[in-house]
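Take a look at the chain below. Keep the sequence beside the 3D view as you read.

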Amino acid sequence: RKTAAAGEYRIQSLYGGMESPITPSDADIATALSILQAMPQEEGSDTPLYARIDMLRASTEGGDGGLMVMEAEVIEPFLYPVQGPDWGDRMAEAIAARL
């Protein structure tokens, strides 16, 4: 979860934004997977080894509290390896399995 510093709208650490770990609910994971599955793919191609679905929760005032997609990243210059436990090992295993 990324949050902006007081009085700031940008969430990047350069502007005082903070990151905190969360464990998404099964429903939130299902929402992210449904977005990934809805993305166009070439016929016969494998699903991406890595994808990041950035979402935010709709305001409870006037919204239903559901998740909204901000962006779906499948090509990312920074893969956020610090945020994932054993991320390097898991990615290496996934790549080796595809070779």
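## Salt bridges

This is a predicted model. It holds four salt bridges. Side chains of opposite charge can pair when their charged atoms come close.

Arg57 pairs with Asp28, and their closest N and O atoms are 2.7 Å apart. Arg57 is partly exposed, because its relative accessibility is 45%. Asp28 is buried, at 18%.

## A linked network

Asp54 forms a salt bridge with Arg52, with 2.7 Å between the closest N and O atoms. Both partners are buried: Asp54 has a relative accessible area of 16%, and Arg52 has 17%. The pair is part of a network of salt bridges that links Arg52, Asp54 and Glu71.

## A pair with partly exposed partners

Arg10 pairs with Glu8, and here the closest N and O atoms are 2.8 Å apart. Arg10 is partly exposed at 29% relative accessibility. Glu8 is partly exposed too, at 22%.

## At the surface

Which residues form a nonpolar patch on the surface? They are Leu49, Ile95 and Leu99, with about 330 Å² of accessible area together. Ile95 belongs to helix H2 (residues 87–98). Its relative accessibility is 40%, so Ile95 counts as partly exposed.

Val82 lies in the loop between strand S4 (67–73) and H2. Val82 is exposed, at 75% relative accessibility.

Terms used
Residues numbered from 1 in each chain as written. Predicted model: local features only at pLDDT ≥ 70, side-chain atom pairs only at ≥ 80, totals over all residues. Heavy atoms only, no water. Patch = residues over 30% accessible without salt bridge, like charges linked within 9 Å, V, L, I, M, F, W, Y side chains within 5 Å. Areas by Shrake-Rupley, 256 points an atom, 1.4 Å probe, with all protein chains shown as cover. Salt bridge = Lys/Arg side-chain N within 4 Å of Asp/Glu carboxyl O. Helix = DSSP H or I, 4+ residues; strand = E, 2+ residues; numbered from the N terminus. Buried < 20%, exposed > 50% of the residue type's maximum accessible area, 1.4 Å probe, protein only.
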